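Below is a short briefing on one protein structure. It is meant to be read with the sequence and the 3D view at hand.

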Amino acid sequence: MNTIPRHLSIVPACPYTFAISLAVAEVEKRLQGRAARGAHPYASAFMRHYCGTRTIKADQLRRVMPEYTPGDRSAPPAREYLAALDTLIASRGERCPAPLSQDTGSRLFPLTAARFTERREKRLTLRQSRAQNREGREREQKRRRYQNRLAQAALELAFHTPQTVGGWHAHWQGQDIFDSDLLSLILTWLKRFVSCRHIDPLEWYGEPLWRVMLDISIMAGELSAFSKMTDRFALPVLLTFRP
């Protein structure tokens, strides 16, 4: 059986990762043998493997944790940094308590930080997708409500003549319907009346709806009795239910 020489074995390229792997293996082996753990076993083992010394000094802590400031009396003491470092290593980078910075956690556990970033981006993408879907549904519902109002307006218009259409316009102009859509209904509706077939819709091109309605009102007032009767014959029969 061929074996790989120790000097050719694969080791993590990052010195932090290599020291962490040695520290974790050492502490777990110690725990299996029920040996005494001592204070901050993961942090102590890591510092020993990373710095190559059993005595932990301030400059060595700063190499690992630049946020550690021993000269600042208001800053947390070294034991709090070691306790936080111990928790960080024991949790494999899942927990990065104070006073450690997130930068230190990401530097010691880049893969875990990358997973956090990926999860955060997925959550952000999911929230954005949900928001877009919600906005899309709201737009579709708004469009359907608008189309339903427009269809109702067209249905009610069918039972009006040029003499009574003013009341229809007074009602629907306040129902959040575009004047252009109401005008389109009006121009289509006029074609059914013999008295209005001489009207060229292009004459009203660019005119506001109120002006078109005014012209229709003036024209309707000038119609003869016969033309008015003919216009009423063009209305659909309104079916009523009688028990």
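The structure is a predicted model. Its largest nonpolar core has 27 residues, and a separate core has 23. Ring pairs join Tyr16, Phe46 and Tyr50 into a cluster.

**Nonpolar cores**

- Within the largest nonpolar core of 27 residues, the members that touch the most others are Phe46, Met65, Leu85, Ile89, Leu100 and Leu108.
- Helices H1, H2, H3 and H4 (78–90) are the elements that contribute two or more residues each to this core.
- The biggest contribution to this core comes from H2, which supplies seven residues.
- Another core of 23 residues lies apart from it, and its members include Leu157, Val165, Ile199 and Ile216.
- Beyond its neighbours within four places in sequence, Phe46 contacts Tyr16, Ala19, Ile20, Ala23, Val64, Leu85, Ile89 and Leu108.

**Aromatic pairs**

- The whole structure contains five aromatic pairs.
- In one of them, Tyr16 and Tyr50, the ring centres are 5.0 Å apart and the planes meet at 20 degrees; the pair counts as stacked because planes under 30 degrees apart are classed that way.
- Tyr16 belongs to helix H1 (residues 15–32) and Tyr50 to helix H2 (residues 41–51), so this pair ties together parts that are 34 residues apart in sequence.
- Both tyrosines, Tyr16 and Tyr50, are buried.
- Phe46 and Tyr50 also form a stacked pair, with 5.6 Å from centre to centre and 10 degrees between the planes.
- Phe46 and Tyr50 sit four residues apart in helix H2, which means that about one helical turn separates them.
- Phe46 is buried, as is Tyr50.

**Helix H8**

- Helix H8 (residues 179–190) has twelve residues and, at 1.5 Å a residue, should span 16 Å; its end C-alpha atoms are 16 Å apart, so the two values agree.
- The buried residues of H8 are Leu182, Leu183, Leu185, Ile186, Trp189 and Leu190.
- Viewed down the axis of H8, these buried residues fall within an arc of 160 degrees, and they therefore line one face of the helix.
- In an α-helix there are 3.6 residues a turn, so residues three or four places apart point the same way.
- Ser180 and Thr188 are exposed and lie on the face of H8 turned away from its buried side.
- The packing partners of the buried H8 residues are helix H6 (110–157), helix H7 (165–172) and H9.

**Val212**

- Val212 is located in helix H9 (residues 209–221).
- Is Val212 buried or exposed? Its relative accessibility is 0%, so Val212 counts as buried.
- Leaving out residues up to four places away in sequence, Val212 touches Leu183, Trp204 and Glu207.
- Val212 and Leu187 are separated by 25 residues in sequence, and their C-alpha atoms are 9.7 Å apart.

**Gln60**

- Gln60 is located in helix H3 (residues 58–64).
- With a relative accessible area of 11%, Gln60 is buried, because the cut-off is under 20%.
- Which residues does Gln60 contact, leaving aside its neighbours within four places in sequence? They are Met47, Cys51, Thr53 and Thr55.

Key
Residues are numbered from 1 along each chain as its sequence is written. This is a predicted model: local features need pLDDT of at least 70, side-chain atom pairs count only at pLDDT 80 or more; totals for chains, interfaces and linings use all residues. Side-chain values use heavy atoms; hydrogens and water are left out. Buried means under 20% relative accessible area, exposed over 50%, partly exposed in between (1.4 Å probe, protein chains only). Contact means heavy atoms within 4.5 Å. Rings of Phe, Tyr and Trp (its six-membered ring) pair if their centres lie within 6.5 Å; planes under 30 degrees apart count as stacked, over 60 as edge-to-face and the rest as tilted. The expected span of a helix is 1.5 Å times one less than its number of residues. The arc is that of the directions from the helix axis to the C-beta atoms. A nonpolar core is a set of buried Ala, Val, Leu, Ile, Met, Phe, Trp, Tyr and Cys residues joined through side-chain atoms within 4.5 Å.
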